[in-house]
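Please open the structure in a viewer and follow the selections below in order.

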Amino acid sequence: MKHRKGRNGFIAVCVLPAVILFIIFMIVPTINVFKMSLYKWGGFSNNKTFVGLNNFKILFEDPKFYRSFQNSVLLIVMVTIITMVFSLVFAAILSREKIKGQNFFRIIFYIPNILSVVVISAIFSAIYDPSQGLLNSILSIFRGAKADPILWLGNQKLVIYSLVIAMVWQAIGYYMVMYMASMSSVPESLYESANLEGAGRIHQFFNITLPLIWTNIRTTLTFFIISTINLSFLFVKAMTGGKPDGASEVFLSYMYGQAYTNSSYGYGMAIGVIVFLFSFGLAGLVNLATKREPLEF
Amino acid sequence: MKRKEVTRWLALGLAAVMSTTILAGCGNTDDSSKGGDDAKGDGGQVLKVAAFEGGYGAELWSEVAKAFEETHEGVTVELQVDKKIEDKITPAMKSGDYPDVIHCATGRDAGLTETITKEKGLTCLDDVLDMTVPGEEVTVREKILPGFLDTLGTMPYNDGKTYYAPMFYSPCGLFYNAGLLKEKGWEVPKTWDEMWELGDKAKAEGISLFTYPHAGYFDAFIYATLESSGGAEFYNECMTYKDGIWESPEATAVFETIGKLAQYVEPTTLGNANEESFTKNQQLILDNKAIFCPNGTWLPGEMADAPRAEGFEWGFTAVPAVSDSQKPSSFTFFEQMWIPAEGKNQDLAKEWIAFMYSDKAADIFAKSNAIQPIVGISEKLTGDNKMFYSVYDNDAAVPVMGGFASTNPVEGVSMNDTLFRAVDSIVSGDKTVADWQKSVEEASDKLREAME
């Protein structure tokens with residue numbers, strides 16, 4: 001009895017620093033964001049006016065907010081699906097097949113992930129350059145040299161897809177490594193017996209690999225949501241600044257623009273609250289929808 | 001058993017030490033910064049100056065601080081200069097630790113100057129204007145070039161009181177390759193009709209009439225065209241959001257001129273019209289792919305190392321007048337220096353601002369091409385600057401100063417988005433000129449309600 005009491009005390013002391021940090025740097029600011037969203041405040045003075053839910057009322061009538069919200073959702077969906085497909089396929093190939101230079105590819109795929117977003121933005125700005133860029137130069141082989149240049153970052157309908165490409169490129173390596181790690185723990189014997197039964201590679205992938213790494217895929221889905229929301233802000237800031245005419249604005253960049261450039265700190269925090277609830281809700285929903293009985297092996 | 005006990009206590013002790021250091025770490029910063037305030041105080045005074053490091057570099061600030069310390073005995077200037085000065089000083093400001101003087105222009109992304117203005121956190125500078133410039137016999141008001149002190153750029157509340165000190169002015173207008181025009185035998189257009197004519201002529205040779213770095217650069221351009229469409233009074237009414245002003249015939253003429261200009265924009269411009277790649281659009285001028293580009297006098301410095309077409313020579317002209325009865329105009333951009341009301345050393349801060357207009361300081365600034373708006377500055381100009389700053393000479397162009405009046409913040413509405421950034425949509429054809437005009441009037445209505 002005494003032993004257990006001592007152990008509990010020991011555990012409490014051990015987790016105390018983390019708990020204190022968590023409260024100071026996570027809980028308190030989050031509560032503050034919620035509180036600030038109820039005020040009209042510029043961010044500096046003591047001149048705060050309580051306006052209740054007025055900020056949210058304005059928010060739901062703000063077409064620019066809806067556009068940035070749509071862009072964010074589009075990015076989350078597109079980046080998640082495309083990245084997941086690519087990194088699963090690459091991971092399966094690199095961990096299951098014997099190909100020359102496996103380690104080399106592993107490193108090559110991972111490199112984009114260690115580059116800073118600013119560097120990636122510079123690379124992609126060069127690729128997207130209308131006259132000398134890689135993309136338009138290649139396309140001009142098919143379209144003819146006289147064709148009007150495609151403005152990857154200047155066309156309001158294209159710009160968000162241009163961001164998708166850059167974000168997918170950046171993310172593939174990271175998720176590939178995560179999937180490879182769990183794929184390597186799938187017992188070889190399962191594949192051997194599948195081989196004996198005459199199951200093809202694709203069949204094996206869908207019936208053995210995928211179900212057995214399902215828990216890992218679920219975890220990465222949450223990662224996808226959080227990192228796309230965060231990274232899309234950095235990409236937009238570095239590559240387009242929300243241009244042209246707000247067509248590439250995502251909700252965090254819109255929040256920044258309102259909280260700082262437009263001096264409406266309280267309104268920015270209201271956007272923050274929506275982003276917070278949205279990402280929590282979405283992650284919960286995805287978690288619920290993908291829930292399966294874990295397979296033992 | 002005993003050994004286990006020892007390790008346990010050791011771990012416990014370490015955990016305790018860790019948590020205390022963490023907490024101590026949180027608290028410590030406050031103490032040390034407070035200590036820093038008084039540390040150098042012994043008898044002398046400390047002036048905390050925060051300055052934006054723009055295209056002119058950072059050196060001019062340390063030099064001017066040294067000059068200030070030399071003329072003001074016992075004063076130590078604590079200088080903070082950064083390209084993102086807002087990010088450096090706002091955390092401390094939010095906890096009540098303000099710099100005494102801040103040099104940071106309006107119209108920047110972080111919006112610090114606008115926010116402090118909207119929050120009524122500025123010290124009125126009227127008494128600085130009546131101070132004598134340190135080491136000289138004239139007052140600050142007499143030293144500053146006429147016109148600079150009666151604009152919304154220095155009196156943000158439009159109430160006759162000065163809150164911003166004008167610094168480093170620069171005429172904005174259209175930059176072009178004078179060598180190209182000379183070679184082709186083309187004249188610099190004086191009116192918009194001549195402009196369109198030149199545009200068609202150039203198009204036949206595969207050169208576009210116009211390009212722009214990014215939509216943000218349309219502020220100075222639109223300000224200038226507004227002035228040259230309806231005159232000074234009309235301009236002021238636009239800037240103070242007078243009801244219906246954006247639907248007046250004068251404003252319509254401006255919107256339509258820009259709508260027509262959009263058809264002459266170089267076809268790749270939009271693809272590079274963002275903060276990351278805007279220099280590629282400026283490069284179009286150097287490569288003879290486009291003729292005119294709206295910009296400020298910092299452009300030649302910014303493009304100093306860029307490759308250029310043979311025979312390239314900078315040319316600069318005011319924006320042609322929209323109305324036949326008006327003169328061409330050029331927006332005068334200037335940066336602002338201001339004193340936050342929460343700053344502790346108000347008197348010394350005022351002394352510092354007065355010093356900014358002394359010949360001594362102006363000479364230091366001019367060495368870095370930063371031109372102070374003071375009487376007699378034109379004699380200190382050299383090289384290309386002479387040509388740029390002579391744009392107003394002999395009444396050739398009307399100077400336009402000051403942007404929109406400050407209002408209480410309006411959530412989701414800003415002229416920056418509605419009026420300037422929307423130019424991208426006009427160029428790409430995603431928005432009609434009529435829709436643009438309508439949305440500007442709507443934004444103006446909302447902002448007018450927020451004025452005091």
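Begin with domain 1 and domain 2 of chain B in this predicted model: their centres, taken over C-alpha atoms, lie 29 Å apart. To colour the two domains, select residues 40-169 + 333-385 of chain B for domain 1 and residues 172-330 + 404-419 for domain 2.

Next, display the contact between them, to which domain 1 of chain B contributes 12 residues and domain 2 of chain B 16 residues. On the side of domain 1 that touches domain 2, select α4 (112-118) and α16 (384-389) of chain B, the elements that each provide two or more residues. That side of domain 1 comprises four nonpolar, six polar and two charged residues.

Now select strands β1 (residues 45-52) and β2 (residues 75-82) of chain B, which run parallel and are joined by eight bridges. Within this pair, show Leu47(B), which faces Val77(B) of β2(B) as its opposite residue.

Finally, turn to the contact between the chains, which involves 47 residues of chain A and 44 residues of chain B. On chain A, select α1 (2-36), α2 (54-59), α3 (63-96), α5 (117-128), α10 (214-240) and α11 (251-261), each of which supplies at least two residues to the side that touches chain B. Which element gives the most to this side of chain A? It is α1(A), with eight residues. Coloured by class, the side of chain A that touches chain B shows 22 nonpolar, 19 polar and six charged residues.

Definitions and conventions:
Residues numbered from 1 in each chain as written. Chains lettered and ligands numbered in written order. Predicted model: local features only at pLDDT ≥ 70, side-chain atom pairs only at ≥ 80, totals over all residues. Contact = placed C-beta atoms within 7 Å. Helix = DSSP H or I, 4+ residues; strand = E, 2+ residues; numbered from the N terminus. Nonpolar A, V, L, I, M, F, W, Y, C, P; charged D, E, K, R; others polar. Domains from an automatic or database assignment. Pairing = 2+ DSSP bridges.
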